[in-house]
Amino acid sequence: MRRAAVARAAVLTLAVAVTSTGCGILAPDGDDALTRLERAEALWAARGPERYAVTVTRSCECLWVEPRLTVQDGEIVAVDFPSGTDPIYPESEWRHIVLATHYPVGGFLAYLRQVLAGDPYSFSAEYDPANGLPVVVSVDHRREVADDEWVVRYTDLEPLTAGSS
């Protein structure tokens, strides 16, 4: 009888660990989402470049854009669109949408803090272990709401010197 109880407890513990990891509550390293975010924030503050270009892919509902942002001192100073992009709206409108929905890395990490405070249904994030760059973040705010989920990827980080664009 005792052996069966121990086996049930072990299976239940394993099931909770696997389920929690899959939902992004715990990372494979055992840290929770907020701890991992705090680690990424500290890495970015210590090692992130002051001036850089980065491609941000954001998908949500039916919107999918991949602008290349140039950032200096935490502010977006230029937005470039990939060649061959055929946006539905004129580029000036796309630029406005991008500036309203895309963030420099530090701003995005701060935004993720707000997301976690809102207790999302699911949250999954991978950060570059060298500098804290959010490589891919996936969020579904509420289980009962359709189309409130989104995914953001930061790729092709390029530190820039003062004279480069």
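Predicted model: local features only at pLDDT ≥ 70, side-chain atom pairs only at ≥ 80, totals over all residues.
Biologist: Is Val 139 buried or exposed, and what is its relative accessibility?

Modeller: Val 139 lies in strand S6. Buried means under 20% relative accessible area. Val 139 therefore counts as buried, with a relative accessibility of 0%.

Biologist: Which residues are in contact with Val 139, leaving aside its neighbours within four places in sequence?

Modeller: Contact requires heavy atoms within 4.5 Å. With neighbours within four places in sequence left aside, the partners of Val 139 are Val 115, Pro 120, Ser 122, Phe 123, Asp 148, Glu 149 and Trp 150.

Biologist: In what sense does S6 pair with S5, and over how many bridges?

Modeller: S5 spans residues 122-127, and Ser 122 stands opposite Asp 140 of S6. The two strands form a hairpin with six residues between them. In the turn, Gly 132 has a positive phi of about 85°. The pairing of S5 with S6 is antiparallel, and the number of bridges is six.

Biologist: Which residue in S7 is the bridge partner of Asp 140?

Modeller: Strand S7 comprises residues 149-159. S6 and S7 pair in the antiparallel sense over five bridges. Within S7, the bridge partner of Asp 140 is Glu 149.

Key: Residues numbered from 1 in each chain as written. Heavy atoms only, no water. Pairing = 2+ DSSP bridges. Helix = DSSP H or I, 4+ residues; strand = E, 2+ residues; numbered from the N terminus. Buried < 20%, exposed > 50% of the residue type's maximum accessible area, 1.4 Å probe, protein only.
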